[in-house]
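This report describes selected features of one protein chain. The sequence and the structure are shown first.

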Amino acid sequence: MLASGSPRRAFLRAAGLGVAALSAACTGFVTSGAGGMVFLSTQFRPADEAERFRALLGRVAPGVSYVTIEESPFAGQVRSQVDAGSTRIGLLGGLHGDLAPLADGYLTDLTGLLADLGDRRWPPDYLRLARVGTDRTWYIPWATASYVLAAHADALQHLPSGADANALTYDQFLDWAVAARRANGNRPMLGLPAGPKGLLHRFVQGFLLPSFTGGQITTFRSAEAVTAWRYFRELWANCVPSGTNYDFMQDALDSGEVRMAWDHVVRLAQAPAREPGRWRMLPAPRGPHGLGYMAVVTGLAVPEHSPDPELAQRTIATLTQPQTQLELLRSNGFFPSVDTAVPADLPAAATLEAEALRRQRDAPGALLSLPPVGLGKREGEVSKVFQDSFRSIVLGGNDIRATLDQQARVLQGILDELRVPCWAPDPAAEPCRVG
């Protein structure tokens with residue numbers, strides 16, 4: 001999951017949850033110090049999130065000790081223990097990108113467990129990801145998050161005639177931004193998170209390019225990608241220029257500087273707090289290749305030679321029960337991966353976002369995209385390719401084709417060194433080639 005800051009903590013305060021902080025460093029891990037089977041995870045690393053999850057885990061799966069670790073050393077810890085024939089870790093939790101590289105030789109086949117839990121009704125796309133290109137299931141989907149569009153009633157009144165806010169095309173989205181700007185004294189009402197720590201590159205990677213080109217990497221410099229970037233120039237001309245200062249769009253929404261904004265669900269969570277009845281959360285628009293959207297999918301896996309595989313599988317079964325998934329939403333702000341109704345007593349943001357996420361995921365022609373997989377410490381360099389493309393093409397007005405050709409060489413150089421397969425929505429060709 002994304003690094004968690006004050007917006008998520010505010011979200012949790014709104015849910016009436018206390019905040020605790022207790023962590024201790026231990027052989028490179030952050031751990032509660034409790035005994036029991038070790039559950040090693042890249043998720044919920046901040047001390048308050050980790051402690052809330054440990055409290056949940058203590059209620060539903062006593063005897064399991066939650067230990068957190070950063071993404072980069074995660075795979076190394078698993079590989080070194082399995083290779084040495086001395087696996088001390090009983091259960092693993094992480095992003096798809098953390099777990100997928102371990103499927104070949106380091107994870108236990110969970111196909112049988114999935115069959116036993118079949119009534120949980122996971123989205124087919126998530127189950128396909130969990131197979132990692134094989135006919136076996138290497139992890140069980142755990143929790144998820146994504147990105148949506150938040151819109152205030154002040155902006156919604158400027159929707160194009162006949163447009164369905166829950167099924168917009170990118171052309172309608174642009175028309176909406178133009179109409180809202182003109183009605184607002186030529187001041188834009190739309191904002192995108194282009195600040196130093198903003199997630200605008202995820203918009204390009206997971207939404208814009210897949211919707212216009214059907215891919216992310218293999219279509220990076222295609223003619224359709226040129227069209228997508230040309231569109232982005234027009235869209236940005238109708239966005240607040242101060243978006244380059246915003247990392248969290250809920251701040252601009254809360255101040256009234258913008259009335260509609262796209263961002264990660266956690267970074268929009270406080271926007272509807274004061275006037276929940278005047279806000280809507282909407283799915284992403286669709287383009288020529290469908291509704292491209294990026295999902296942050298986490299999973300639960302059992303390493304080879306787990307010291308207690310039965311307890312590990314029982315814990316997975318417990319953590320994927322609908323009620324436990326809803327407890328995780330209440331405590332740490334991540335949405336269920338299983339098919340379950342979201343209760344009405346959650347904070348306004350969670351209720352609104354849950355419906356938008358469902359519509360986005362289940363839309364006809366939905367095209368699932370992932371954050372980069374298998375890049376380790378080099379992921380930041382790949383993100384920079386998309387960030388630099390935005391600065392050059394959209395902010396700098398430079399030639400689109402020349403910029404994409406230049407950045408494609410940078411991107412291919414990284415991929416050549418890593419020799420990793422492509423990730424969704426691109427086909428899993430190995431090694432991944434920039435197209």
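Two strands are taken to pair if DSSP finds at least two bridges between them; strands (E, at least two residues) and helices (H or I, at least four) are DSSP runs numbered from the N terminus. The model is predicted, so local features need pLDDT of at least 70 and side-chain atom pairs count only at pLDDT 80 or more, while totals for chains, interfaces and linings use all residues. Residues are numbered from 1 along each chain as its sequence is written, and side-chain values use heavy atoms, without hydrogens and water.

**Open sheet.** Strands β8, β9, β7 and β10 form, in that order, an open sheet of mixed pairing. Its edge strands, β8 (190-191) and β10 (279-282), each pair on one side only. The parallel strands β8 and β9 (residues 260-264) are joined by two bridges, and G191 has A261 in β9 as its bridge partner.

**Strand β5.** G94 belongs to strand β5 (residues 89-95). Leaving aside residues up to four places away in sequence, G94 is in contact (heavy atoms within 4.5 Å) with T42, Q43, L99, V297, T298 and G299.

**Disulfide.** One disulfide (cysteine sulfur atoms within 2.5 Å) is found in the whole structure. C422 and C432 form this link, with sulfur atoms 1.9 Å apart.

Relative accessible area is tabulated below; buried means under 20%, exposed over 50% and partly exposed in between (1.4 Å probe, protein chains only).

| Residue | Relative accessibility | Class |
|---|---|---|
| G94 | 0% | buried |
| C239 | 2% | buried |
| C422 | 6% | buried |
| C432 | 0% | buried |
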